[in-house]
Structure formats: structure tokens, C-alpha cells
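The sequence and the structure come before the points.

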Amino acid sequence: MTFEHPIKGNRHQFVIKQHFHTAHAIGKFYGDDEKVDVHIIKIDQTERKHKRASIFCAKRNWDQKAETGIMADIEYAFHEEINNLKPFKFRNHQAISDYFLLWRIRHHFHISRMEDQDLIGITGSDLTKEQEELLESNGVMFIRENGVVPARFMTGIQVLMQLDRQRAGVENLKWGLLTSTDGEFAVADCYYDLTFMPISPKLALCAGYTDINIDRQSVANANMQSIAKATEFYFARDLDLCPVA
């Protein structure tokens, strides 16, 4: 399903390009040109891209309240961890786990975008576009005439529900910091069941490990797994510096 454009000028400042993996996290891999290497699987081609490039984003896939509410809180806590690295025992492992979940849930709905939903027995309201946008900008969901709910509201609800449902599966994870002594990490567009997240060219968080240094062969093994997990693309500061087993 295509996204719904706001009124011309976007006066309520809705976020249109919504990252499933945050622009801040992608920016940690910037080269001197403030771009990253992105290998696009479908065309088997590598391009240099800015962190706000369309390939990193869904387009208005969840509602504004979800974007600026709990999602923003999870992102902030994760950014605090990767901006200010702490020793293992002082690390906020739950914040890292919450972001891991958010990333994979948002990516799922990016790949499998929801459709508008028809509510049986609900008539809804005959609102103008301006009235609809005013409600959404104030965190209120609306139902259109004939009981139609825009897909982005249903997606926002589903993201929050899945966060609650899946949290039990990661609440006991402890994330070790892997430091490469030779070679750089590549990053998949999502990892799903692989509890691994590169956070800079030389650093990655991995559940079930303590903080350790890893050699070139181990980095190559990690990069092979990242490439295998990638759905549409994988990226790095410089893919030529990412060994592959």
C-alpha cells in the first residue's frame, strides 16, 4: 500500500520518512563524505548514501503518536547507550533489547505493509482532511466514513502490541561489546532472530557475550551472517574494509 500524503506544506509537521533503524545509528558509520556504502541486493550494486536516504525509511507507515511517543523513548535510551559506552555491568541491557525489538518489528511492517482496515458495524465520521490531520497531530486516532481506519494507525497499534508480546523473549539478554582488532563490520537492514547489532565500524553489540576483542576472521564470520540476514540491503562505512569469510 502507498503512503498517504499530508496536506500540501505539511503544516502539522508529520514525519513522512520514518526510519526502521535510526538515522543516528546509521550516522555512526559515516565516512568523511557523511555517507555510507549501501549494497542493494536486488540489483547487486553498491552506492554511497546519506543516512536519510529513502532506502533506510518507510513512508508514513505508522501514526505520528507512535513515532513521537514510545518509539522515540526507546530510541533515546538506545542512543544514550551507544553514545556513552559503559562497562558491561553498568550497561542498560534492557534499553538495548528494547531497541533490538523495535528495529525488527518496524522492519517487519516496512516489508509487510498493512492495508486500511474496515471496522464492521462502525460508521465513522465524515471529517475533512484538515480535521483528520488536526486530530492525528494531537495524538488522536480517527475513523473515516464507512468505518475505515487508515493503515498507519493499525500499524502503530500493532508495533506497540508486538513490543509487549515479544519483550519476554529478550528481557534477560545481556549484551557484550565486540571490538574488532582488524577489519570493519557490515550491517544488515535487520537481524530478526540474530541478536547482533553493529554500532560503529569497529564495534558491535552481541547478546550472550561479555566484552571481548575479536580478530579479522571473527569479523568476517559476523559479516557473513549480516549479509545472510539482509533482506533488501546491507551497509558499512566502506564495504571494501569489511572482510568476508
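Predicted model: local features only at pLDDT ≥ 70, side-chain atom pairs only at ≥ 80, totals over all residues.

1. Residues are numbered from 1 along each chain as its sequence is written, and side-chain values use heavy atoms, with hydrogens and water left out.

2. Rolling a probe the size of a water molecule over the atoms shows where empty space is left. A pocket is defined on a 1 Å grid over the protein atoms alone, for a 1.4 Å probe, as an open set of points with protein on both sides within 12 Å along at least five of seven lines; lining residues have an atom within 4 Å of a point. Grid points are joined across faces, edges and corners, and the volume is the space filled by probe spheres set on the points.

3. The largest pocket holds about 220 Å³ of space. Its lining includes L178, F196, Y209, I214 and Q225. Helices (DSSP runs of H or I, at least four residues) and strands (runs of E, at least two) are numbered from the N terminus. Both β11 (212–214) and α7 (216–229) supply at least two lining residues, and α7 gives the most, with four. The lining has eight nonpolar, four polar and no charged residues. Here Ala, Val, Leu, Ile, Met, Phe, Trp, Tyr, Cys and Pro count as nonpolar, Asp, Glu, Lys and Arg as charged, and the others, Gly among them, as polar.

4. The second largest pocket has a volume of about 170 Å³. It is lined by 13 residues, of which D63, K65, A66, F153 and I157 are the closest to its centre. At least two lining residues come from each of α2 (64–68) and α6 (151–166), with α6 giving the most, four residues. This lining comprises seven nonpolar, three polar and three charged residues.

5. Side chains of opposite charge can pair when their charged atoms come close. With a salt bridge taken as a side-chain nitrogen of Lys or Arg within 4 Å of a carboxyl oxygen of Asp or Glu, the count comes to 19. In one of them, K129 meets E4, with the closest N and O atoms 2.6 Å apart. K129 lies in helix α5 (residues 129–137) and E4 in the segment before β1 (17–19), so the pair ties together parts that are 125 residues apart in sequence.

6. By contrast, K129 is partly exposed at 30%, and E4 is partly exposed at 21%. E4, R60, K129, E132, E136, R144 and R152 are linked in a network of salt bridges.

7. Four strands make an open sheet with antiparallel pairing, in the order β3-β2-β12-β8. Strands pair if DSSP finds at least two bridges between them. The edge strands β3 (45–49) and β8 (187–188) each pair on one side only. Five bridges join β2 (residues 36–40) to β3, and D37 stands opposite R48 in β3.

How values were computed. Buried < 20%, exposed > 50% of the residue type's maximum accessible area, 1.4 Å probe, protein only.
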